[in-house]
Amino acid sequence: MLQQILRDMYIDPELLAELNEEQKQILFYKMREEQLRRWKEREEKARMEEAMLRKTARRSNGKHVQWLRGKDGEVWVWVMGEAPGDKPYEQISEELIAERARQQAQKEAEELWRQKEAEITKKFRDAMAQEKARIVAEKWKIEIEDRKAAKLEEEKIQEELKKREEEERQKGEEQIRQQEEIRAKELYLSLKQAQQHSQHSDDDQEWEEQLRRSKAADEERSHKARRARDEYRRQSLRAIQKGRVAGLSNLFQGASLNNDQEIKLNNNSASPLQPLSAASSNIWERPSRPFSQDVIIRWFKEEQIPRRAGFERNTNRIAQWFHGIISRQEAEELLMNKSEGTFLVRVSEKIWGYALSYRQQSGFKHFLVDASGDFYSFLGVDPNRHATLTDLIDFHKEEIITSSGGELLLEPCGQQKNPPDYSPLFE
């Protein structure tokens, strides 16, 4: 099952939901390893193809593209700002900041000049109107012969006022120009300080935060991978020492129940089992995955009963921990009032295999047992391969399933129904 997932690089969502968090992490690690292996193969193949194309292009007389190479023999690359004659990045940044400051100061100066010009125009327009009104009032008192003198005096006053207005305008323009220069310098210094502060604070903090998160994620993945490898070596060595690892499938393919044996079970722990026939009338071909209970029952009778799945060791009695095709919710209901370490094994509806449901202090855990090959092993957790389902259960009565959870199979959970829920499997 694991090899099929790695080959297709896909896992059914329903099957994924059956895995606990550690199984998901280990499965993700193995899928990532497979992706890396495939990527290296593709890169090597692409490199060889490129070399062949390059060799073919040299032999042919047709047009071809050849990269410009530098003195070091590598492809010549030009990086803007680093070639001779290019402005350095700092100078470009300084010029951009200065230009922005100048434009901002010019905009503010234009606004100030519009306000100042409006004030000057209003001031002298009002003065001229008042003076003109005064002269007009005096004209009615002056004799006709004096009108010429009054006209000259008016022109003189107007010239004087215009001169004063021009002087005032020049003075205002000079003040605005000085203020523009001062403001441009202030804005330049402010923008420069803001840029330096931003580069040394926000960018550094963001970079440090990303670096910290990246290091934490790398350390977590490395820790999980190291823990999985250590657990794999420890359990493999333990299994080899106990002699419970399945070497060749031929060791147990021939194991089957004798035709003359009948399994007799009492009403408390098991149901009667019919004797097995020597040959089946129909040839059994297992589908790619279970799609109905009838197919699962047929699979169990054709493949699992000959391998004594669910039986106690060296007896014809059904093991107390064995259950039939029950759901995850039903398994949790059976384990609800049990103590920590209580477990049961149920026939899975998702894969060709079983699901081990385990009662822990804070809830429940469910582990998938792959039986699609000629061995039994936990999917994604325990890499050890066991010859029989009973070997797997007995092994983990002494050895924990995962190093993080420390699960030991202490107490089997028996049947609460009559007839037992596994009755359809043995009818």
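**Notebook: rings and a helix**

I looked up tryptophan 321 and phenylalanine 322 and found both buried, where buried means under 20% relative accessible area, exposed over 50% and partly exposed in between (1.4 Å probe, protein chains only). I note that this is a predicted model, in which local features need pLDDT of at least 70, side-chain atom pairs count only at pLDDT 80 or more, and totals for chains, interfaces and linings use all residues. Residues are numbered from 1 along each chain as its sequence is written, and side-chain values use heavy atoms, with hydrogens and water left out.

I counted aromatic pairs next and got 12 in the structure. Rings of Phe, Tyr and Trp (its six-membered ring) pair if their centres lie within 6.5 Å; planes under 30 degrees apart are stacked, over 60 edge-to-face, the rest tilted. Phenylalanine 311 and phenylalanine 426 form an edge-to-face pair, 6.0 Å centre to centre with 80° between the planes. Phenylalanine 311 lies in the loop between α8 (293-304) and α9 (328-335) and phenylalanine 426 in helix α11 (residues 423-426), so the pair ties together parts 115 residues apart in sequence. Helices (H or I, at least four residues) and strands (E, at least two) are DSSP runs, numbered from the N terminus. I found phenylalanine 311 and phenylalanine 426 buried.

I also checked arginine 308: its charged end sits over the ring of phenylalanine 311, 4.9 Å from the ring centre. The test is NZ of Lys or CZ of Arg within 6 Å of the ring centre and within 35 degrees of the ring normal.

Last, I looked at α4 (residues 89-139), where the buried residues include Trp113 and Phe124.
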